[in-house]
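The sequence and structure are shown first.

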Amino acid sequence: MKQDIGARALLFDMLVDDTPNQPNESSPFRYFKVDQLKESVINEVTNLLNTRRSFANFDNIVWGTTLAYGMGDHAVASTNSEKDKEAIATDIQKTIQRFESRLKSIRVEIVEAEPLSAGLLVVIDAILKAGKIQEQFSFEVVIGPESQGE
């Protein structure tokens, strides 16, 4: 039987109980299949980008810690301004580079949000690299109040 290509699961993914009514796992969860890995990355990036940090000028030591986790608060930025959209995209790219090591060569595009939505649609294009997996990966993330708590 051919084994699926996979990657090691992150600690928090191993600790989450997807089947709380089942007393034991039939086999301990240690590795992701490709689809599971992609879902994990999307969840992590969504949580990361929907967490706000201050715009303080952190030193190099602090930038990689939980004190700098999340993206800057761009509440006063306008998505009608190309300059503001570029600043938001740059912040998103740097934030993902710092906290999601499974993504390489990250490109970010701010897409116009739905008129009635308070969220901002972001398209992320990167190379997904983990374990034996290395492939092009594109996905969308909604940033804003409607996506929080999901």
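Helix α4 comprises 18 residues (82–99) and should span 26 Å at 1.5 Å a residue, which agrees with the 26 Å between its end C-alpha atoms. The expected span is 1.5 Å times one less than the number of residues. Helices (H or I, at least four residues) and strands (E, at least two) are DSSP runs, numbered from the N terminus. This is a predicted model, in which local features need pLDDT of at least 70 and side-chain atom pairs count only at pLDDT 80 or more, while totals for chains, interfaces and linings use all residues. Residues are numbered from 1 along each chain as its sequence is written, and side-chain values use heavy atoms, with hydrogens and water left out.

The buried residues of α4 are Lys85, Ile88, Ala89, Asp91, Ile92, Thr95 and Ile96. Seen down the axis of α4, these buried residues fall within an arc of 160 degrees, so they line one face of the helix. The arc is that of the directions from the helix axis to the C-beta atoms. On the other side of α4, Glu82, Lys83 and Glu86 are exposed. Buried means under 20% relative accessible area, exposed over 50%, and partly exposed in between, with a 1.4 Å probe and protein chains only. The buried residues of α4 pack against α2 (34–49), β3 (52–53), β4 (71–72), β5 (103–111), β6 (120–130) and β7 (133–143).

## The nonpolar core

A nonpolar core is a set of buried Ala, Val, Leu, Ile, Met, Phe, Trp, Tyr and Cys residues joined through side-chain atoms within 4.5 Å. The largest such core has 27 residues, and Val45, Leu49, Ile92, Ile96, Leu103 and Ile124 have the most contacts inside it. Two or more residues each come from α2, α4, β5, β6 and β7. The largest share, 6 residues, is that of β6.

Contact means heavy atoms within 4.5 Å. Leu49 lies in helix α2 and is buried, with a relative accessible area of 0%. Beyond its neighbours within four places in sequence, Leu49 is in contact with Met71, Ile92, Thr95, Ile96, Ile124, Val141 and Ile143. Leu49 and Gly70 are 21 residues apart in sequence, yet their C-alpha atoms are 5.7 Å apart. Leu103, not counting residues up to four places away in sequence, touches Val41, Val45, Ile96, Ala126, Ile127, Leu128, Phe137 and Phe139.

## Strand pairing

Two strands pair if DSSP finds at least two bridges between them.

| Strands | Sense | Bridges |
|---|---|---|
| β5 and β6 | antiparallel | 7 bridges |
| β6 and β7 | antiparallel | 11 bridges |

Glu109 stands opposite Val123 in β6. In β7, Phe137 is the bridge partner of Ala126, and Ile133 is that of Ala130. The hairpin of β6 and β7 has 2 residues between the strands, and Gly131 takes a positive phi near 55 degrees there.

## Aromatic pairs

Rings of Phe, Tyr and Trp (its six-membered ring) pair if their centres lie within 6.5 Å; planes under 30 degrees apart count as stacked, over 60 as edge-to-face and the rest as tilted. By this rule there are 2 aromatic pairs. Tyr69 and Phe99 form an edge-to-face pair, 5.2 Å centre to centre with 70 degrees between the planes. This pair links distant parts of the chain, with Tyr69 in the loop between α3 (60–63) and β4 and Phe99 in helix α4, 30 residues apart. Tyr69 counts as partly exposed at 26% relative accessibility, and Phe99 counts as partly exposed at 23%.
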